[in-house]
Structure formats: C-alpha cells, structure tokens
Amino acid sequence: MRVDTRRPGPLAGRLAGMADGLLTAGTRLRRAVRGWATARRFAARGDRVTFDPDGVYTYGTIELGSDVDLGYRPVLMAARSRIRIGSNVMFGPEVTIRGGNHRIDRVGVPMIAVRKQPGDEDLDRGVTIGDDVWVGTRAIILHGVTVGRGAVIGAGAVVTRSVPPYAIVAGNPARVIRLRWPVETIISHERELYPPDQRLRAADLAGLAEFTAPAPRPASVTNPLTAGRHDR
C-alpha cells in the first residue's frame, strides 16, 4: 500500500490524528488484554516479566525467571522439550529459540510425515538460558544449547553450541569472541551478585581461562578530531 505523504489540509490532519489515536488506543488495549489472558499459560513465571503478547510461544513448555524482558515479537517454540530462561535476562527484537528437532534420516518417508519413535528423546533437547544474559536482535538459539550466566549473544547470531558463562558470541555459527571481563573481574562480579552457594564453581572458572578477555582500557582516550588542536 502506498501512502501519500503530501501535507494534508488542517481539517484532514486533525481527523487523521484523531483516527490514529483511536486505532493506537485500540491496539494497546487489545495487546494488554491478550497479555493478561495469556501470561498465566507459561509453565512457570517469576515477577516482573515483560513479554510481547503478539509473539509466538509454546507457553506450557516455557519457564521464566524474574526480571525478564522477552523483547519484541520473539518466537519461542518447544513442543516436547523445555525452554528455561533465568532471571535478569533481556532479549532484543525478534529473537528465535527452538527446542526439539526433526528426524531427517528416514528413508522412504517425507520429513513432514516422520513421527517420533521410542528412543528419539535425544532429538527433543531443550534450551536453557542462565541469569544475567543479553540476547541480541534476531539471534537464533537452537535445541540442546545452554547459554551460561552473564553471556552476551550478538545480533543475528545462530547459536548451535552451548555458550560459556560471561562469554560474548557472534556469527553463524556463533563462536566465542571474547569474555566480558578477565576471570578475576568475573569472580568479583559473582561475589557482588550471588551468595556463596550460587557462585560459579572452581571448575567453571578454570574453563574460562582459555578464552581471551578485553584489554584494559587506558586511563584517558585522546579524541583524534581534537588531538593537537591546542598545541599549534
């Protein structure tokens, strides 16, 4: 549909503004009612959960912690497995999480007609996202993946393998770019946020040593646009 953007007359502009206001109010009311009606359908839900009621969810297989924002128009689907999302998690727009899988190895049967057989449970693996995770815009997380606490998933990443705690991953397939902080800083961060029995184990921390950490920031950064301006 094409929209004529030429300046309308005063009356037409006021009428258009009123109509837009009514439509916007109606949309907000519809979304609010749908949200109130469907929020209880999640398998588990903590406090202060924000979700787009126009997203796609297999509600009964999704567990949410507290202080979770699922972003705009996500797709969270797991027919037989579970999607478990921790607390203090935020999504960018249009994130997709897909639990479960389809068999593609059956000879003589169209893939759409393949039914689950005994022993196929391993194909229906779920997805687990730890606490304090940020998932970027249009990232895709596939079945069997565990995203460790404090991790960052880059926009557009396709995550096919589990993500270590406090790692930043990006790409297709996603790979670890670096850690958010050096291990010593991660330990301090854990002490600030979690009681002793909930902090990362020594084995978890030892596993992070193989990944690179960001270089320390310099005490001051010179602006290349102004460098030397006052020395002339």
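## Backbone exceptions, sheet and core

Tyr 166 lies in the loop that links β15 and β16. In this predicted model, the phi angle of Tyr 166 is near 65°, a positive value in a residue other than glycine. Arg 138, in the loop between β11 (134–135) and β12, also has a positive phi, near 60°. Most residues other than glycine have a negative phi, and most peptide bonds are trans. The accessibility of each residue is set out below.

| Residue | Phi | Relative accessibility | Class |
|---|---|---|---|
| Arg 138 | near 60° | 53% | exposed |
| Tyr 166 | near 65° | 0% | buried |

Tyr 166 counts as buried because its relative accessibility of 0% is under 20%. Arg 138 counts as exposed because its 53% is over 50%.

A further backbone feature is the cis peptide bond between Asn 172 and Pro 173, with omega at about -5°. Pro 173 is placed in the loop between β16 and β17 (175–179).

Five strands make up an open sheet with parallel pairing, in the order β3-β6-β9-β12-β15. Its edge strands, β3 (56–57) and β15 (158–159), each pair on one side only. Two bridges connect β12 (residues 140–141) with β15 in the parallel sense, and Ile 141 stands opposite Val 159 of β15.

The largest nonpolar core contains 40 residues, and those with the most contacts inside it are Ile 85, Phe 91, Ile 97 and Ile 129. Elements giving two or more residues to this core include β7 (83–85), β8 (89–91), β10 (127–129) and α3 (202–208). Beyond four places in sequence, Ile 85 touches several residues, among them Leu 64, Val 68, Leu 70, Phe 91, Ile 97 and Ile 129.

Terms used:
Residues are numbered from 1 along each chain as its sequence is written. This is a predicted model: local features need pLDDT of at least 70, side-chain atom pairs count only at pLDDT 80 or more; totals for chains, interfaces and linings use all residues. Side-chain values use heavy atoms; hydrogens and water are left out. A nonpolar core is a set of buried Ala, Val, Leu, Ile, Met, Phe, Trp, Tyr and Cys residues joined through side-chain atoms within 4.5 Å. Buried means under 20% relative accessible area, exposed over 50%, partly exposed in between (1.4 Å probe, protein chains only). Helices (H or I, at least four residues) and strands (E, at least two) are DSSP runs, numbered from the N terminus. Contact means heavy atoms within 4.5 Å. Two strands pair if DSSP finds at least two bridges between them.
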